[in-house]
Every structure is written in structure tokens, then in C-alpha cells.
Amino acid sequence: MSILQKIPDFLLQRNQPIYSSDWFSNHIDNWNIWLKDFRHQPSLRFMEIGSYEGRSARWLLENILTHSTAHLFCIDQFDDCKGDKIRINHFKSVKKSFYHNIKPYRKKVSVKTDTSQEALRRDPISFASESFDFIYIDGSHKTCDVLEDAVLSFRLLKPNGIMVFDDYLWEEHGNPVLNPKLGIDAWLTCFAEQFQLIYKEWQVCIKKL
């Protein structure tokens with residue numbers, strides 16, 4: 001059963017956000033610092049890779065991307081579980097929750113339901129070089145995917161733009177190539193002369209030079 005099917009109709013009708021989990025709120029203090037110069041500015045272009053239920057997306061739309069000309073691009077496959085009925089149903093619920101949670105701001109959000117690697121390659125107009133002010137990488141946690149997301153995304157970031165990686169210290173799997181850290185470290189090493197490191201703990205934040 002979808003989480004939305006358990007919520008009273010009057011809450012759904014009021015467009016109240018509905019989440020089943022929270023992996024974002026403990027980062028809000030940092031995001032307020034990192035993104036303070038963008039707050040309420042016109043013509044901003046933000047992107048997040050990995051949206052899940054839309055908690056970070058909605059926070060950005062309510063607190064940073066408040067100008068009518070600001071726009072958010074969300075990339076999420078909402079399906080990484082081919083043949084697994086339980087996970088397929090789970091991600092159907094996640095997708096439904098995401099669209100419910102961004103509904104009040106739908107005109108300011110573009111959604112790509114594809115892998116990030118394919119989405120960033122297939123649409124050169126939306127994802128033009130040096131066209132984004134902020135990019136959040138929180139999609140696949142596999143080392144190779146994180147590294148590829150970073151390489152593809154960094155060219156899209158404007159000079160002085162901010163890029164944030166999530167789950168740097170996440171160690172769900174014993175095999176390091178299934179965790180983000182190795183991919184993030186590889187990218188940080190290869191691109192070291194092209195960014196300023198702002199923060200490095202559970203999340204990693206850099207500013208493009």
C-alpha cells in the first residue's frame with residue numbers, strides 16, 4: 001500500500017508534504033550556509049540527481065528557489081529493482097509521493113525519469129555546459145555511478161557554482177565499490193585544481209573555480 005493511501009484526504013487536498021523517511025533535515029543548517037547567496041535570486045537553475053520522495057527538492061523550492069524564474073531539474077529513475085515485486089511496488093509509492101510533494105511548485109520543476117547518465121547525455125539543451133548554479137548528487141551509490149555523475153555534472157556547473165555529494169561516509173555494503181566514497185575521492189583527486197573544498201563530512205560540498 002502506498003503511503004499516500006494511508007493519509008487523510010484533507011491533508012492531501014491541502015498539498016501538505018508527506019514523507020516516510022528523513023535523510024535530509026540534519027543537513028539543512030549547512031545548506032542554509034552554502035546556498036545563502038542564491039536565496040530568492042532570479043533565473044536560478046538547480047539540479048538534483050536522486051530525488052526519492054522529494055524532501056530536498058521541496059526544501060529548495062520553499063527556501064531558495066522562491067523567485068518565479070527559478071527552476072529545479074530532478075533526475076530519478078524511480079526503479080532500480082527489475083523483477084523484484086516488493087521493490088517495484090516500493091518505488092511506485094516513492095514516485096507517487098514525490099509528485100505529490102512537489103505539486104504546489106510543479107511549474108518550476110522538470111523531472112527526468114531515467115538514469116542520470118542517460119538523462120544528462122540525451123538532453124544537451126536542458127543540460128547545457130555551465131548552465132547550473134547548484135547540483136546535488138544523491139543517486140546511485142555505486143562507486144562507478146557516483147564518479148560518472150560527478151564527471152558529467154561538473155561540466156554543467158557554472159563558475160562559482162556549488163556541487164554537493166551525499167553519503168560520503170555511507171558504508172552499507174562491505175564491498176567498497178558499492179559505496180559512494182571511493183568514487184567521490186577519485187573525483188576529488190582528479191579535479192582538485194578546479195574547485196574549492198567547502199566541507200567534507202557525511203556530505204561533501206565544493207565550489208567550482
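Helix H2 and strand S5 each bring at least two residues to the lining of the second largest pocket, and that pocket is a handy way into this structure. What you're looking at is a predicted model, so local features need pLDDT of at least 70, side-chain atom pairs count only at pLDDT 80 or more, and totals for chains, interfaces and linings use all residues. Residues are numbered from 1 along each chain as its sequence is written, and side-chain values use heavy atoms, with hydrogens and water left out. Helices (H or I, at least four residues) and strands (E, at least two) are DSSP runs, numbered from the N terminus.

**Pocket and cavity**

- A quick word on terms: on a 1 Å grid over the protein atoms alone, a cavity is a set of points where a 1.4 Å probe fits but cannot get out, while a pocket is an open set with protein on both sides within 12 Å along at least five of seven lines; lining residues have an atom within 4 Å of a point.
- Grid points are joined across faces, edges and corners, and a volume is the space filled by probe spheres set on the points.
- The second largest pocket has a volume of about 170 Å³, and its lining is made up of Ile33, Trp34, Lys36, Asp37, Phe38, Asn160, Ile162, Ile198 and Lys207.
- Sorted by class, that pocket lining has five nonpolar, one polar and three charged residues (Ala, Val, Leu, Ile, Met, Phe, Trp, Tyr, Cys and Pro count as nonpolar, Asp, Glu, Lys and Arg as charged, and the others, Gly among them, as polar).
- As for cavities, the count comes to one of 30 Å³ or more.
- The largest cavity holds about 50 Å³ of space, and the residues lining it include Ile137, Asp138, His141, Phe165, Pro180 and Ile184.
- The lining of the largest cavity splits into five nonpolar, three polar and two charged residues.

**The nonpolar cores**

- A nonpolar core is a set of buried Ala, Val, Leu, Ile, Met, Phe, Trp, Tyr and Cys residues joined through side-chain atoms within 4.5 Å; buried means under 20% relative accessible area, exposed over 50%, and partly exposed in between (1.4 Å probe, protein chains only).
- The largest nonpolar core has 28 residues, and Trp31, Leu35, Phe46, Leu60, Leu65 and Phe134 touch the most other members.
- Elements that each supply at least two residues of this core include helix H2 (28-34), helix H3 (55-63), helix H4 (85-102) and strand S2 (71-75).
- There's also a second, separate core of 26 residues, which includes Phe132, Leu157, Trp187 and Phe195.
- Leaving aside neighbours within four places in sequence, Phe46 is in contact (heavy atoms within 4.5 Å) with residues including Leu35, Phe38, Ile64, Leu72 and Phe134.

**Leu72 in strand S2**

- Leu72 sits in strand S2 and is buried, with a relative accessible area of 0%.
- Setting aside neighbours within four places in sequence, Leu72 has contacts that include Phe46, Met47, Ala57, Leu61, Val109 and Ser110.
- Leu72 and Leu44 are 28 residues apart along the chain, with their C-alpha atoms separated by 8.2 Å.

**Helix H7 and Gly183**

- Which residues of helix H7 (residues 180-190) are buried? They are Pro180, Gly183, Ile184, Trp187 and Leu188.
- Gly183 counts as buried at 1% relative accessibility, and Gly183 touches Thr143 and Leu147, not counting residues up to four places away in sequence.
- Gly183 and Glu148 are 35 residues apart in sequence and 8.3 Å apart in space, C-alpha to C-alpha.

**Lys208 in strand S7**

- Lys208 lies in strand S7, and is buried with a relative accessible area of 8%.
- Apart from neighbours within four places in sequence, Lys208 is in contact with residues including Glu130, Phe154, Arg155, Leu157, Gln194 and Phe195.

**Positive phi in two loops**

- His40 has a phi near 70°, a positive value in a residue other than glycine; His40 is in the loop between H2 and strand S1 (45-49), and is partly exposed at 45% relative accessible area.
- Tyr52 has a phi near 50°, again a positive value in a residue other than glycine; Tyr52 is in the loop between S1 and H3, and is partly exposed at 21% relative accessible area.
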